[in-house]
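Colleague: I have a structure open and want to learn how to read it. Can you take me through it feature by feature?

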Amino acid sequence: MGTISDDVQVEGAEVVFGPFRLLPVERRLLRDGQPVDIGGRALDLLVALVERPGRVLTKRDIIRRVWPDVVVEEGSLRFHMTSLRKILGDGEAGARYIATQVGVGYAFVAPVQRVFAEASMPLATPVHGGLVAGAGRLPRRARLIGRANDVARVLDRLGTSVLYTIAGAGGVGKTSVAVEVGHRLVDEGRTVRFVDLAQVEDPALVPFALASALEIPVQTDDPVSVLIAHLRASTLLIVVDNCEHVVDAASVTLERIRSSAPGVGILATSREPLRATDEHVHWLDPLAFPAEGDGVPDDLLAFPAMELFIERARAGSAMPEPSVDDRRLIADICRRLDGMALPIELAALRVGTHGVAATHAMLGERFSLGWSGRRTAAPRQQTLRATLDWSYELLSTAERLAFDRLSVFVGPFSFDATAHVLADTRMDADTAIATLDALAAKGLVAVDRGVAAGSFRLLEMTRAYARERMARHGDAEVRALQRRHAAYFLRVLDSLGETGEEAVRESLRLSCQFGNVRSALEWSFGPQGESAIAIPLATVSSRLFLRFSFMAECRTWCERALNLLGMPYVGTAVEFELQAALGLVRMFTLGNTDATGVALRRALEIAQALDRPWDQLRILGRLQIYEERLGDFAASLAWAELATEVGRAIDEPEAIAVAASLAGVSQHLLGDQAAARRSLELSLRYSLPSELSRTIHYGFDHRNRSCIALARTLWLQGHADQARHWVHRALREAVALDHPVTHCIALIWTLSVHIWTGEIDRVKEALSTFSVAANANIFRPYIAAADGFQGIVQVLGGCSGRAVDTIRDSLARLKAMRYELLTTTFEIALTEALLSSDRPLEAHELVEASIAHCERTGEAFALPELLRLKAAVSRRLGASDSTFEETLQRALDLATTQSASAWALRCAMDLARHWRSTSRHVEADALLVSCRDAFVEGADTRDLRELDALMVDVGAGQQQGDA
């Protein structure tokens with residue numbers, strides 16, 4: 001007689017187990033040689049089970065086998081299974097024959113011996129270690145995307161026999177990697193067997209499942225010993241898939257095999273490590289996916305998550321090459337699915353029916369947890385909900401409660417946040433932290449490697465599932481959880497300093513918490529929220545929003561808080577912060593409305609009433625730029641002078657530097673370049689680059705503003721090379737500061753210097769950067785200004801006709817927002833465009849209006865250039881020589897008074913050209929020589945190159961006249 005594989009049908013065989021002998025052909029069951037009274041259905045059940053001992057048969061399979069032509073409820077199956085257990089004495093005196101896998105089916109777990117006559121025994125094909133070929137085969141491999149490094153690393157570690165676990169969240173692709181590794185090793189000639197524990201719920205069945213896959217007959221009560229006995233001399237790799245739900249039993253069994261069978265390697269997959277002796281763990285991360293704003297559309301296709309989506313979408317339909325818009329939408333889908341392979345595949349399958357745009361729109365907060373996948377996939381992998389249900393059912397009561405509550409976090413959270421937000425009467429802080437560790441180990445909570453150590457997060461699809469679960473706890477518990485969440489972030493943000501490098505470091509650390517901050521604000525201002533949390537939370541949140549120039553958001557929350565404002569907050573530091581922030585953000589996002597000025601003046605009033613000089617200085621800086629942008633330069637200077645008094649009273653370097661910066665900018669725009677240079681150089685002496693971070697407290701960096709204003713002042717004074725030096729320095733420091741408002745201010749003034757020096761390539765480069773920053777941060781005045789600068793580029797490039805409409809449109813939009821700071825700059829360019837387009841009457845009307853505007857507002861710095869243009873326009877319209885000369889001489893005298901040598905040079909060249917045309921060569925030459933002697937640098941600027949060429953022409957003309 002002999003034993004055979006458990007895959008062989010029992011017809012023609014006698015099956016022996018315990019004291020029983022089953023004779024299927026005769027339909028008899030003997031116990032100790034005596035017949036057992038057993039019904040037909042019970043006997044059929046027994047035959048079905050013993051055909052595959054150790055394997056779980058699903059209820060559906062058993063019903064189909066025992067009742068092939070009858071519709072039977074599961075209750076009938078349970079009744080007959082209970083009867084069979086009684087007949088066998090299952091559970092009596094330690095005897096165990098049938099195990100139940102709840103919700104799935106049943107397995108025969110007693111050792112079985114099948115007996116044949118020798119003539120009828122089938123042949124078995126031996127392989128390494130005495131195993132039988134055909135059992136435990138690897139699943140079919142699929143093309144693996146984005147996992148080359150993972151596969152290579154696992155293969156490298158499996159070069160020697162080890163216990164190696166691929167761990168990771170459900171749906172990340174662990175099985176796919178393990179199967180690919182197995183096939184690679186088979187291709188190299190190694191023996192590999194595959195065991196799927198997914199259908200094994202009873203931990204006691206783990207050894208039997210291994211034995212069944214390995215074709216090892218188990219006939220004792222110690223299946224592990226039998227396994228070891230067969231495997232001790234074997235050389236093979238066993239791939240054990242889906243260990244998480246029977247992790248303890250799997251760990252013990254696999255550890256014993258590894259310690260006793262040195263030639264056997266084991267590759268396990270699990271959502272948590274087995275924690276077995278000498279286990280090696282490879283954590284499988286999600287597929288790489290594009291970050292927000294990552295790359296151009298063509299570059300997006302290089303990300304593995306994108307490649308997987310597109311391949312699966314094409315496999316399910318005749319999807320064409322994705323368009324630019326489709327690629328961006330697919331990138332967002334992959335981003336929202338956190339690069340997880342399974343949900344990406346499920347979403348991709350929808351494209352065939354709905355298209356990319358509709359699939360993206362359908363991917364709402366619930367992440368379509370019920371979307372189905374391939375019919376051939378395991379049931380737990382056919383929908384996201386099934387995958388998560390599988391994991392959730394494996395959790396303890398405490399773990400489920402913690403998991404549900406973690407759904408309140410939007411983005412990363414720390415141990416400290418977990419302890420404060422999860423803890424209440426049902427769970428203390430220590431338990432919350434310990435449970436978080438357990439959930440991370442099980443792969444349900446991701447360890448966020450992108451931020452500080454000890455940071456965790458829920459993948460978005462997991463959070464959507466957890467939120468559904470949390471809702472079942474009832475409104476009261478959900479509200480209490482959200483309140484603790486909002487209160488925690490109020491406490492964290494309240495501790496955020498307002499100035500200093502430590503405050504900046506804390507801000508950077510909190511930069512990943514905007515999701516949580518927004519969620520806390522939404523709840524606080526919502527119907528279930530509390531104003532006692534909402535108002536102070538909006539106040540402290542404004543610091544973080546301003547730190548990163550999220551101005552539109554900051555405006556929203558400040559407005560909502562001020563709408564709720566009442567006692568005890570009126571006139572306090574809370575109202576001050578809200579009014580100060582609101583005034584600043586309205587200025588940059590909506591323009592210089594009256595409401596902006598009202599908010600800033602109210603903030604100053606509170607700061608003065610509370611006797612807080614530093615706060616006064618902060619608001620005076622904002623009021624100075626507010627009036628400057630309105631075009632009221634006298635009022636702007638008045639605020640700067642008041643800031644100077646406050647700075648002297650504070651008598652600290654930072655205060656002196658800020659006040660001097662405000663004064664220097666005002667003096668520069670009013671046309672006093674000598675005074676402006678002194679003030680700006682004073683400001684820079686008292687502020688060092690290492691302190692850049694501190695001045696953002698004021699809304700923008702005053703040191704950087706001083707740098708770029710000094711650059712403009714130096715150019716006007718004729719120091720073009722020094723001006724370039726400060727331009728480059730200002731831009732370098734602005735980029736390092738990573739503060740969009742400051743960067744935009746630097747770029748605006750940088751553009752003017754590059755335009756003056758005639759460096760068209762630098763103008764285009766700076767304008768491109770400025771436009772991107774303005775649009776990305778929704779700085780509406782700057783968005784309009786970018787178009788105006790584009791018009792100037794068109795003028796410099798000879799496209800004056802197009803420039804006229806471009807600049808006029810920009811000016812109209814800026815005036816609608818009461819942003820007048822660039823009016824003169826753009827009107828100068830527009831006048832030049834009109835002249836080039838042979839439209840002198842329009843140019844005359846415009847230049848006269850511009851001059852009147854500057855004289856009215858005090859914006860004198862550009863008056864010499866406007867007067868020069870007026871002379872050119874009047875000449876085109878037929879003005880007399882005396883009128884032309886008189887206007888140019890007035891412009892030249894004003895430029896000299898302002899110490900604006902650059903404007904004086906342009907006036908002198910125009911006057912010299914006129915004198916040359918009237919044969920006054922000597923006077924022209926003398927004027928040009930005096931101008932050239934005043935310039936010791938900047939030889940490569942447009943104006944000086946033009947001057948040198950003109951001097952040659954004038955000299956030649958003089959020689960010709962002498963001759």
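Modeller: Start with the inventory. The chain holds 41 helices and 16 strands. Keep in mind that this is a predicted model.

Colleague: How much of the chain is buried?

Modeller: Burial here means under 20% relative accessible area. Of the 963 residues in the chain, 56% are buried.

Colleague: And what share of the contacts join residues at least 24 apart?

Modeller: Take the contacts between residues at least 6 apart in sequence: 69% of them join residues at least 24 apart.

Colleague: Next, a strand. Why can strand 12 be called largely enclosed?

Modeller: Count its buried residues. Strand 12 covers residues 264–270, and seven of the seven are buried, so the rest of the structure largely encloses it. Then check both faces. Val264, Ile266, Ala268 and Ser270 point one way. Gly265, Leu267 and Thr269 point the other way. All are buried.

Colleague: Which strands pair with strand 12, and in what sense?

Modeller: Look at the bridges. Strand 9 (residues 163–167) pairs with strand 12 in the parallel sense, over five bridges. There, Ala167 stands opposite Ser270. Strand 11 (residues 236–241) also runs parallel to strand 12, joined by five bridges. Val239 has Leu267 as its bridge partner in strand 12.

Colleague: Now the nonpolar cores. Which residues touch the most other members of the largest one?

Modeller: A core is a set of buried nonpolar residues joined through side-chain atoms within 4.5 Å. The largest has 191 residues, and Phe588, Phe770 and Tyr782 touch the most other members. Helix 31 (residues 740–757) supplies the largest share of this core, 11 residues.

Colleague: What is Tyr782 in contact with, beyond its neighbours within four places in sequence?

Modeller: Tyr782 contacts Phe588, Arg629, Cys744, Ile745, Ile748, Phe770, Ala774 and Tyr819. There is also a second, separate core of 40 residues, including Val56, Leu205, Ala211 and Leu214.

Conventions: Residues numbered from 1 in each chain as written. Predicted model: local features only at pLDDT ≥ 70, side-chain atom pairs only at ≥ 80, totals over all residues. Heavy atoms only, no water. Buried < 20%, exposed > 50% of the residue type's maximum accessible area, 1.4 Å probe, protein only. Helix = DSSP H or I, 4+ residues; strand = E, 2+ residues; numbered from the N terminus. Contact = heavy atoms within 4.5 Å. Pairing = 2+ DSSP bridges.
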